[in-house]
Amino acid sequence: MTSYDFERYLNVRSAYGASFDPTGERLSFLLNTTGVPQVWQLDGPRAWPQQSTFYDERVTFVSWSPERDELAFGMDEGGNERQQLFRLDGDGETITPLTAMPDAKHRWGGWNSDGSQFAFASNRRDNAVFDVYVQDRTGTGDDAEMVYEGDGWLSLAGWGPDDDRLVVVESHSSFDRDLYVLDIESGDIEHVTPHEGNVRYQGINWGPDGDALYLVTDEGADTMYLARLDLDTYDIELVEEGGSWNVDGCALDEDTGRLVYSRNEDGYTELTVGELTGETTIREFPTPNLPHGIAGGVSFGPDAERFAISVTGSASATNVYVVETKTGEAERWTDASTAGLPTDSFVRPKLVHFESFDGRSIPAFFSVPEDASAGETPVIVDIHGGPESQRRPSFNPVKQYFLNRGYAYFEPNVRGSSGYGTAYTHLDDVEKRMDSVADVEAGVEWLHDQRAVDPDRIVAMGGSYGGFMVLAALTEYPDLWAAGVDVVGIANFVTFLENTGDWRRELREAEYGSLEDDREFLESISPINNIHEIEAPLLVLHGENDPRVPVGEAEQIAEEAAEQGVPVEKLVFPDEGHGFSKLENRIEAYTKTAEFLEQYV
């Protein structure tokens, strides 16, 4: 097999986040050809795209005005997640800063129906809470009007059909949210999801008559389902069951009642397209002929005659497709480069299951190079973050590089992962945290029984919460590992919670335990306090501007591990945050990872 250098893989591009212009003839989207995502436009399938923004920082979203030839987009600085909003003329010639408050976060809440105003949530008044603002399209900075003063983690889910109301989402944790309907003129706010316990509401859309919301929820069920929330009675009415899997997203065009919803079946997306024929009944259209993988980010064109959607797969880079709503006929519009790599060299994973310490079956994706030799193949165990996330079969250039270099790749969805029902996600809460680490140990034991695997060359790698899992695996089960790679990971839950962004602390304590009530337990499971057990060489990668997991987590674990005599290498990027968005930094970080593993594995 031909080998390719890491830079080639990291130059595989992604096109995603599409939005139609008011005519339905042009499409804007994000593309990272320059090394960071920027706004691009094109006016037909595989047409020559035009770049519209030219920044060194990542653009985070783009949204066409519903009636004008202009777009809104978001951008932060150095990965600090303090997103600012901008207006871009359709011809790409003029960019106007709309918020210009770099110390605050701004969460886009959408255009009103004629594009004369937009809404957003921001913590500009108080760093720890979010308020709701409405701003004229020509306004800037202080011109925004605060229409609701919040006291929690707020975001917005769209304007009502008459532009007089907004849906306000309050997140208490990743698995508990509340919805409110805000009257913009009076400031009155109505709680429309009274409930007990943890309930999720997401994929929120206004119904055609403005008297209901269509959304995805797990209220009263283990898996999420599509529902109608009556705004007069607050009743939740079933539209489509989740069954064994979660309905994980929904997009509804309020003018036509046409909709697209997705079901997450063992990590793969299954789409349903149709239109409402009654309050809770749907006439289904043919299933879109899209590549099998993961799809999302639906944007309807005028009259919902077609929609744009982003699609990715294990062996295919992310691209934007346009689907004819009634026929399901799909056509790829973008042509994200694969950097000259032959697509038939990309390896697709197998979905496997292994038994953990308590008999529970744990799902995982397992990829093996085609020319793997029996008993000689090193394995990277790549653990996702979240922890309420899920490893899904999307394109991963880092993974494909290591497969090309002869490594196998193992991606477990340990207990606590989303995608497998509500009960599964709570199996690692607070005092059960280390049960998920035990799942990783069970996964390694399963690997030992695989014919190709060299049991003495197994690597733990992960980012964010996955970085904690790496450190915990190395300290709890030191005999299993040849090396560890910790990317923006948590080393000490106490210092992490003390230093994470003020706006995030309450949400994270709901998952991990609170400093006030669970400090002793948090200290007991923090890898920094068990570092004397570590044996495997460790590589630590971090961004200096990380607002989620402060860089001090990297500094303390590297220092303490080195004092134990463990080979440690640390690399901190001054212009990155929670992860690496800039191409030159990604090349440096993952080339360093390859060199580190070459040396020790």
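Predicted model: local features only at pLDDT ≥ 70, side-chain atom pairs only at ≥ 80, totals over all residues.
Residues are numbered from 1 along each chain as its sequence is written, and side-chain values use heavy atoms, with hydrogens and water left out.

An open sheet of 4 strands was assigned, with antiparallel pairing in the order β1-β2-β3-β4; strands (E, at least two residues) and helices (H or I, at least four) are DSSP runs numbered from the N terminus, and two strands pair if DSSP finds at least two bridges between them. Its edge strands, each pairing on one side only, are β1 (15-20) and β4 (50-51). Strand β3 (residues 38-42) is joined to β4 by 2 bridges, and W40 has Q51 of β4 as its bridge partner.

Helix α10 (residues 583-600) comprises 18 residues and reaches 26 Å from its first C-alpha to its last, close to the expected 26 Å, the latter being 1.5 Å times one less than the number of residues. Buried residues (under 20% relative accessible area, 1.4 Å probe, protein chains only) of α10 are L583, N585, I587, A589, Y590, T593, A594, F596 and L597.

The structure holds 1 cavity of 30 Å³ or more, where a cavity is a set of points on a 1 Å grid over the protein atoms alone at which a 1.4 Å probe fits but cannot get out. The largest cavity has a volume of about 40 Å³, volume being the space filled by probe spheres set on the points, which are joined across faces, edges and corners. Its lining (residues with an atom within 4 Å of a point) consists of I383, H384, P387, P412, V414, Y465 and M469. These lining residues divide into 6 nonpolar, 1 polar and no charged, with Ala, Val, Leu, Ile, Met, Phe, Trp, Tyr, Cys and Pro counted as nonpolar, Asp, Glu, Lys and Arg as charged, and the others as polar.

How values were computed:
1 Å grid on protein atoms, 1.4 Å probe; cavity = no way out; pocket = protein on both sides within 12 Å on 5 of 7 lines; lining within 4 Å. Buried < 20%, exposed > 50% of the residue type's maximum accessible area, 1.4 Å probe, protein only.
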